[in-house]
Amino acid sequence: MENNDLRLAVLIDADNVPYAHVQAMMEEITRYGTPTIKRIYGDWTSMGLSGWKKVLLENAISPIQQYGYTVGKNSTDSAMIIDAMDILYSNKVDGFCIVSSDSDFTRLAMRLREAGMRVIGIGEHKTPTPFIVACDRFIYLEILSDQKEEQKPEPKTARRRRPRGKASAAEADSSVQEPAESAAASEPEAPSAEEARPKISKVDASVLKLLTTSVDDIADENGWAYLGDVGNLIQKKKPSFDSRNYGYRKLSSLIKSTGKFEMESRETANAHVKHIFIRVIGVTDVR
């Protein structure tokens with residue numbers, strides 16, 4: 001079954017996820033499958049969750065009420081875990097998307113994977129490592145938020161309507177009275193989205209080692225490895241790895257930026273599709 005055909009149950013912990021990220025999050029989830037069950041858990045009598053109403057309606061997410069029985073304790077965890085197990089045994093989904101920054105869901109993620117489910121975790125950078133590594137894939141909410149901001153069109157500068165006839169003295173002297181506008185017009189062209197993207201992490205030695213060892217693990221006798229297989233292997237080794245964490249939309253762009261790999265595009269049976277192969281610079285062909 002292709003990943004896009006997976007039926008996913010999306011379970012959201014409202015106490016540990018800001019509602020501002022939900023739209024971008026739901027769009028991201030569709031890359032991995034179809035969210036057939038969408039539920040969010042929280043105490044909806046609390047004023048702290050009042051901002052969720054519009055977001056839930058826009059994304060067709062069902063709110064599940066869970067009262068806080070004890071002050072200072074998160075009561076949504078047990079409700080989410082119970083529902084997750086009920087859904088698991090209903091055999092209606094192929095995977096789960098657990099949206100939370102709470103490590104309490106670590107054991108749940110492990111149990112779901114033991115049952116053959118694909119588990120995608122989504123949370124903030126503060127998410128503890130045990131929960132991250134318990135998932136097949138983990139996505140940081142901050143990355144999705146930054147990506148959505150980049151896609152917004154830049155606001156158009158409001159243009160003044162010049163009255164017919166002679167321009168007023170104030171307009172004629174606008175270069176003196178409005179230096180900010182003239183200065184902005186002389187600024188150099190803004191960098192591309194790829195260049196302007198905030199880099200959350202550095203491509204340091206540990207990242208290069210992960211890339212290099214992954215290529216070596218599946219390379220042929222000439223050192224070449226199919227990029228798609230490399231990406232899948234990296235994901236298994238490090239569930240939270242995402243090229244967007246380093247400022248690049250695609251893994252190929254990240255790899256190219258290191259200057260440590262050769263890249264080769266190869267034809268396939270489909271003339272419109274090409275496969276990218278990579279190998280570590282310095283490896284020679286076996287003859």
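Which residues does Asp77 touch, not counting residues up to four places away in sequence? Asp77 touches Asp13, Asp102, Asp104 and Phe105, where contact means heavy atoms within 4.5 Å. Asp77 is found in helix α3, residues 76-90. Its relative accessibility is 7%, so Asp77 counts as buried (under 20% relative accessible area; exposed is over 50%, partly exposed in between, with a 1.4 Å probe and protein chains only).

This is a predicted model: local features need pLDDT of at least 70, side-chain atom pairs count only at pLDDT 80 or more, and totals for chains, interfaces and linings use all residues. Residues are numbered from 1 along each chain as its sequence is written, and side-chain values use heavy atoms, leaving out hydrogens and water. Helices (H or I, at least four residues) and strands (E, at least two) are DSSP runs, numbered from the N terminus.

Turn to helix α2, residues 52-59. Trp52, Val55, Leu56 and Asn59 are buried there. They cover an arc of only 100 degrees around the axis, which puts them on the same side of α2 (the arc is that of the directions from the helix axis to the C-beta atoms). Lys53, Lys54, Leu57 and Glu58 are exposed on the other side. The buried residues pack against α1, β2 and β3.

Next, the salt bridges. The whole structure has 14, each a side-chain nitrogen of Lys or Arg within 4 Å of a carboxyl oxygen of Asp or Glu. One joins Asp136 and Arg113 at 3.1 Å, N to O. Asp136 lies in the loop between α5 and β6, and Arg113 in helix α4, so the pair ties together parts 23 residues apart in sequence. Glu28, Arg31, Arg137, Asp242 and Arg244 are linked in a salt-bridge network.
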